[in-house]
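Subject: Handover of a structure and a summary of its features

Dear colleague,

Please find below the structure that I am handing over to you. My notes on it follow directly after.

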Amino acid sequence: MANAPITSAAASLGSSGLNSLLTYFMDSFESQKRNRNSILIHCNTDASALVAQQGQTVTIPLYATTASSLITDGDAIVGDDSTGSTSSVTLNKHRATKFSLTQVAQALDGNKVVNGLLQGRINGVLNDIETDVCSVVTSGFTTNTVGTYNSAITEANATLAMGNLFAQKVPEGELVALVHPSVNAWQALVQIPEFADYQNTGMVSQNNQANYGSIGQYWHGARWFMSQGVNKSGTSVDNFVMHKNAICVAMRAFDAPMAPGVQAVPMNIDGVALQVLLQWNGDRLADEMVVHALYGYAVGEEKFGALFKS
């Protein structure tokens with residue numbers, strides 16, 4: 001480490017420098033890459049259940065709708081004590097990202113880059129968690145599947161997906177559709193006149209909104225959003241429509257570490273329970289920051305979700 005030169009063009013945040021940020025930093029930072037329309041706010045994340053339960057598995061109740069009995073006068077009523085089912089979500093995903101900033105780097109840049117670097121790490125964790133959760137629909141939604149891979153979204157398939165959900169007696173409440181921004185998904189959707197044109201919908205088109213794709217367009221009984229978190233593999237896209245009980249997500253906040261000198265900051269951003277740790281690395285004379293989250297996800301009421309291939 002003693003022989004490492006201090007330079008502004010090295011590819012490291014260690015003693016060798018802070019890359020070009022040392023000489024080309026800005027006082028304010030542009031927002032880093034972030035998925036639109038977090039899937040987690042549309043999922044079943046029963047906060048009271050998650051806080052109350054301990055252990056690695058969180059059980060989320062999915063209450064059943066039971067049939068009534070037609071009886072004649074004087075007949076005994078047959079009891080039905082069905083309690084429904086549950087979705088067991090295992091907290092088996094632990095995502096973390098770490099970076100460090102040496103005292104040399106902080107002295108040379110006036111300590112202006114920390115917030116931007118930290119925000120980029122937080123966004124990266126959030127993006128990856130949302131992509132993880134979206135991936136469950138690929139093999140998890142099997143009852144209601146419409147569309148064909150590498151083919152554009154059509155209104156016929158949209159009505160088929162919604163019809164399939166309604167046939168399953170999906171509960172009242174807003175249904176949401178998450179659509180990838182690619183050519184056969186969102187780009188095809190916003191070219192369907194019945195989705196985008198005022199003379200057909202009576203609503204201002206997404207195409208003429210400053211927050212394009214973020215406010216959601218109500219169409220055929222669901223609110224449709226663009227989201228980069230939707231799973232895409234090659235030319236195969238797994239868009240989906242869902243009621244919140246179709247996907248269950250569990251999070252668990254971390255306790256502060258017992259190690260002396262470690263600062264722990266709990267955060268909740270877009271439905272994700274994060275912890276940010278600040279610690280000292282004496283070997284590198286650097287502040288280290290860790291962003292991490294513990295979570296799990298599972299298909300809940302599978303029949304209340306529809307896989308919409310494109």
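The structure holds four salt bridges, a salt bridge being a side-chain nitrogen of Lys or Arg within 4 Å of a carboxyl oxygen of Asp or Glu. In general, side chains of opposite charge can pair when their charged atoms come close.

Before the details, a word on the source. This is a predicted model, in which local features need pLDDT of at least 70 and side-chain atom pairs count only at pLDDT 80 or more, while totals for chains, interfaces and linings use all residues. Residues are numbered from 1 along each chain as its sequence is written, and side-chain values use heavy atoms, with hydrogens and water left out.

Salt bridges

R95, D128 and D132 are linked in a network of salt bridges. Between D132 and R95, the closest N and O atoms are 3.0 Å apart. Because D132 lies in helix α4 and R95 in strand β3, this pair ties together parts that are 37 residues apart in sequence. Helices (H or I, at least four residues) and strands (E, at least two) are DSSP runs, numbered from the N terminus. For D128 and R95, the closest N and O atoms are 3.7 Å apart; D128 is also in helix α4, and these two residues are 33 residues apart.

How enclosed are these residues? D132 is buried, with a relative accessible area of 16%, whereas D128 is partly exposed at 36% and R95 is partly exposed at 28%. Here buried means under 20% relative accessible area, exposed over 50%, and partly exposed in between (1.4 Å probe, protein chains only).

A further salt bridge joins R223 and E174, with the closest N and O atoms 3.4 Å apart. R223 is in strand β7 (residues 222-226), and E174 is in the loop between α6 (155-167) and β5.

The chain and its cores

The chain has nine helices and 14 strands, and buried residues make up 42% of its 310 residues. The largest nonpolar core has 65 residues, and those with the most contacts inside it are W224, F240 and I247. Helix α4 (residues 114-134) gives the most to this core, with nine residues. A second, separate core of eight residues includes V58, L62, V89 and L91. A nonpolar core is a set of buried Ala, Val, Leu, Ile, Met, Phe, Trp, Tyr and Cys residues joined through side-chain atoms within 4.5 Å.

Among the residues that F240 touches are C134, V176 and I247; contact means heavy atoms within 4.5 Å. C134 is buried, with a relative accessible area of 1%. The structure holds zero disulfides, a disulfide being a pair of cysteine sulfur atoms within 2.5 Å.

Strand β12

The hairpin of β11 and β12 has two residues between the strands, and D270 in the turn has a positive phi of about 50°.

Seven bridges also join β12 to strand β13 (residues 286-299), and these strands run antiparallel. The bridge partner of L278 in β13 is M289.

Yours sincerely,
A colleague

Key
Two strands pair if DSSP finds at least two bridges between them. Lists of a residue's contacts leave out its neighbours within four places in sequence.
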